[in-house]
Every structure is written in C-alpha cells, then in structure tokens.
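I opened the model today and kept short notes.

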Amino acid sequence: MRPRPGRPGRLTIGAVHTGALLLTLGGLGSALAGGLDDPVTALAFAALIGLGELTRRAGIATATLPGLGEPRERDPAPTTAAASLAYALLGGNAGHPTHHGVLQTVAIVAPAALLGALPHVLRGRGPELDHLARGILSVGFAALCFQPFSAGSPLAARLGQGPSYALLLLFLLLLTALCDAVLAALLRRARSAARRAPRAAGATPVPAAPFAPLLRDELRGLVGIGSAVCATGAVMALGVAVVGLWALPVFAVPLLLAQVSFRRFAAVRTTNRETIASLARATEVAGCTRPGHAHRVAALSRAVGRELGLAGAELTVLAYAALMHDIGQLSLVDPVAGGATAPLPPAEQRRIALLGGAVVRQTGVPPQVAVVVERQADPYREQPLAARIVRVVNAYDELAADGAGGAGGADGAGGGPTALERLRLGTARDYHPDVVEALARVLARGGPATAAEAGTATAAAAAGSGRTDGADGTDGVAETAGTPAATA
C-alpha cells in the first residue's frame, strides 16, 4: 500500500493530475468543436499508440519483494512512447505539411493510450495515475516546443529539411525527456512527503525525500532505452514526413520486439530477486533470525540509503547486502541467541560478517554486495556508506524486536525513540551519526512500510510461500530504464 502523502505532497500531485486532466479535456473539446486535421494520419498514430499500450503489460512479471522490488516495475512501452513523441513532432506526411497543434496531439494520444490500457484496467493491472499524467504533460510539452518549427512557420522555412531539422527534433526530444524526468522526481518526492506533523510543539518539520537522488535516478534511465525511444521517435517523424504512413509499421515491428525482450529480461530479474529473497529467508527457516528481520532491514536500509543520496545501482547493492547480512549465521555451530548480532563482541561480529561474505560470493550477486556484508562489523569510520547503513538499521530492528523500539518503532510511535536514543548513544564508537539521523528522519515520515504491511510480508515468509508479495513502501524506481511519455 502506498503511503498517503502530506499536504505539500498532495498539492504537488493534485497540480500535476489537474494539469493533465485540463489539457486532455481541452484537446478533446477542441477536436469535437473543430474536427481533426488530417484524420487519416491521426487515426494511424492512434492505432499504433493503442497497440503499444495493449501489448505493454501483458505477461509482465512484477516483483514486489520487500527491499528488492519497488512498488511497481516500470515497463518502458517503447511503441507507445515513440509513436506519441513522433506524432507530437510530426511536421509532414509524404511531403504534405501537417498542422495539428498541441491540443489535437493530446486529443489523439491520451484516448488512444487509455483505450489500449482498458483491458489491463479491467483486470486490475492498469497504469497508475501519476504515470498517465506524466505522459500527457510530456507529450503536450513536446508538441508545444515543436510549434514554432511546424510546417509553414518562418523558422521552419529557414531551417529547411536537412540535418539541422533532424538535430532540432533530437534536441526537442531531449528537452521532453528532461521535463518527464523532473515531473517523475517531483511526483516521487511528493509521495514520500511527511504524513504527519511533528509531535513536539515547535519541532523542526521532517523534510520529504531529497530531490537530487530521485532526479538522478530518472536521468540515469534516459541513458538506456530512454535514449533509444527518443531517437526512434525522431526517426519515425522524419520517416512519415518523407514516405508517409508506411513508415509506421516499419518502425513498429522492432519496437514491439523490444517490448518482448524487455518482458523476458523482467522475468529473469524477478527470478534472481526471488532467489536472493529465498536465501535471505534461509536464516529464518533455520531459526537463526527472527521472522521478517531480513526484509525489514532491507526495506528500511533502502529508505535510509535514498535519504543519504544513494540511487540506482548503489541502492540495489545496499538492498541485496541488507537482505543477506545475517547469512553468515548459517555457518555457526552454536546459533546466536535470538539472532541478534549487535550485542556480540566486535571480534565475533566480524567473524560472522566474514563468513557471510564468503557465502554471498558464491551466489552470483555483484561482488560489491559481499564487500558490504563483510565490512558491516568494521569500525564505522572505515566502512563504506552501505555497510554503515546496514549496521545501523540491523541494530535498530534488533532493539525494536527486544522491546526498545516496540512494534510501533517503524512509525516513530511506541518505544521507537528509545531505540533511536540507544543508537545515538553509540555514535561515538559503533554507529555513524549521519546514518542514525537519516534513520530518524525516515522513521519520522512513517518508515518504509506500516507495521501491518511488514507483518503481512513476514507471515508470508514464515509460511514458506514461493514469493513474498509485500511491498516495501518506498517510492523508488526500478533499475530498468525509464522513458518519457511511456504512457499518455
């Protein structure tokens, strides 16, 4: 369940959704009142956009493993995105100029995408409102930027149809991608905004998740399939301008094949995540750790890592290491009482960490994960940031389970402050102060999941289910590349 944002977050989300709705209604009203310019071209693009959305989610295996998966997997939908952007930047059809503007572009793209997504909506797997709003605003932005260079304008006459025109389209697509990335980061930050006011009078309000790492996540997505979709949208617009609508099926086939490849990649990654989650549950099945401990530490570590500026692959390494941080206990002859390693002598903690790192190196995960597991018990001044986070969060969860934090520690209720206070007392030797304070801010915002959600995930793990379906509650981004206007 996604956390309910606070008032500033709701204002941001409401503004984005309202803007997209008004733009769509304006486009539909304009189309109904004045008709469509070149309706054959408009319907051809609408059919391609709807087909791309129809094939977008079929067969997608969504991983929602706590600490590893996100609340959702982003399917880039290259056919929908490229066709939407191509129509927004279309200046001609087989040598004949086109004159559809911003409103007609939105009037074609939005209903086509919604109709294509209708079967998925009926099955309860429809696109999110945030994603729909982003797509509509991004396509509208692209069409608006293209208007000064549309057919018949003085700038278009000066520019001509040579390489400079193609470079212009690529530049406009780059601006659109940046616009989409900013919108996505703003919406994710709004979703993570504080859900409750500070309890103490005059206390400093807890800030929302930092914007910079969220934006960096989105920009990294542009390097992969996002750049390919932007380039395809530009080439598709140029192709239709020269040879007509026959260019659409030529470009649609490789784009649809790309979606099939993405689904296979997503399925493989889901299998890898479930394998890692199963390894993490091994310590619980063997009675070495409390049920749900590894998943709680992974989810909370991920939230703290994002608070401290980690993003992308760094968060993935952190989540993997947090899930498997106790796996060294499987090599012990005498199990640790209750599975709590924080109270152990430093030498014993390091021995367990080294045993765990040796096991992790055999699992096929990136070697950085084993390094974090091995160094989680080192003096914090010598640790990498990920190891500092795992150590602090692990200690917090153990303290909460022992009654220092209580079941309500995840949201700052109950005995949560007691656990945090004990961590703060240990900042001189055991725990890094910046990490402890970042943890406090995350907990003050409600943590990565509610106690009920964590309990559901824990029960599923304890029952030995094939996969754990609890979401971690963080509004993160999957490591797959994002694309502008993936849905409209």
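**Entry 1: Thr79.** I looked up Thr79 first. Thr79 has a relative accessible area of 0%, so it counts as buried (buried means under 20% relative accessible area, exposed over 50%, partly exposed in between, with a 1.4 Å probe and protein chains only). Thr79 sits in helix α3, residues 78–88. Helices here are DSSP runs of H or I with at least four residues, strands are runs of E with at least two, and both are numbered from the N terminus. I then listed the contacts of Thr79, leaving aside neighbours within four places in sequence: Leu48, Gly52, Leu255, Leu256 and Gln259. Contact means heavy atoms within 4.5 Å.

**Entry 2: ground rules.** This is a predicted model, where local features need pLDDT of at least 70, side-chain atom pairs count only at pLDDT 80 or more, and totals for chains, interfaces and linings use all residues. Residues are numbered from 1 along each chain as its sequence is written, and side-chain values use heavy atoms, with hydrogens and water left out.

**Entry 3: the whole protein.** I noted 17 helices and 2 strands. The protein has 488 residues, and buried ones make up 53% of them. I also checked contacts between residues at least 6 apart in sequence: 78% of these join residues at least 24 apart.

**Entry 4: α3 against α8.** Which residues of α3 meet α8? I found Pro78, Ala81, Ala82, Ala83 and Ala86 in α3, facing Val229, Thr232, Gly233, Met236 and Ala237 in α8. These residues divide into 8 nonpolar, 2 polar and no charged. Ala, Val, Leu, Ile, Met, Phe, Trp, Tyr, Cys and Pro count as nonpolar, Asp, Glu, Lys and Arg as charged, and the others, Gly among them, as polar. The two axes come within 8 Å and cross at roughly 45°. Axes are lines fitted to C-alpha atoms, for helices over the stretch in contact, and angles run from 0 to 180 degrees between N-to-C directions. α3 and α8 are therefore oblique to each other (under 35 degrees is roughly parallel, over 145 roughly antiparallel, 65 to 115 roughly perpendicular, the rest oblique).

**Entry 5: Met236.** Met236 belongs to helix α8, residues 211–243. Is Met236 buried or exposed? Its relative accessibility is 0%, so Met236 is buried. Setting aside neighbours within four places, Met236 touches Phe45, Leu48, Ala82, Ala83, Ala86, Leu248, Phe251 and Leu255. I also compared Met236 with Leu89: they are 147 residues apart in sequence, yet 9.5 Å apart in space, C-alpha to C-alpha.

**Entry 6: α2.** I counted 16 residues in α2, with 22 Å from first C-alpha to last, close to the 22 Å expected at 1.5 Å a residue. The expected span is 1.5 Å times one less than the number of residues. The buried residues of α2 include Phe45, Leu48 and Gly52. Their cover includes α3, β1 (92–93), α4, α8 and α9 (247–285). The axes of α2 (residues 39–54) and α4 (residues 102–122) come within 8 Å and cross at roughly 35°.

**Entry 7: two positive phi values.** Most residues other than glycine have a negative phi. Asp38 has phi near 55°, a positive value. Asp38 lies in the loop between α1 (7–34) and α2, and is partly exposed at 28%. Ala94 also has a positive phi, near 55°. Ala94 is in the loop between β1 and β2 (96–97), partly exposed at 38%.
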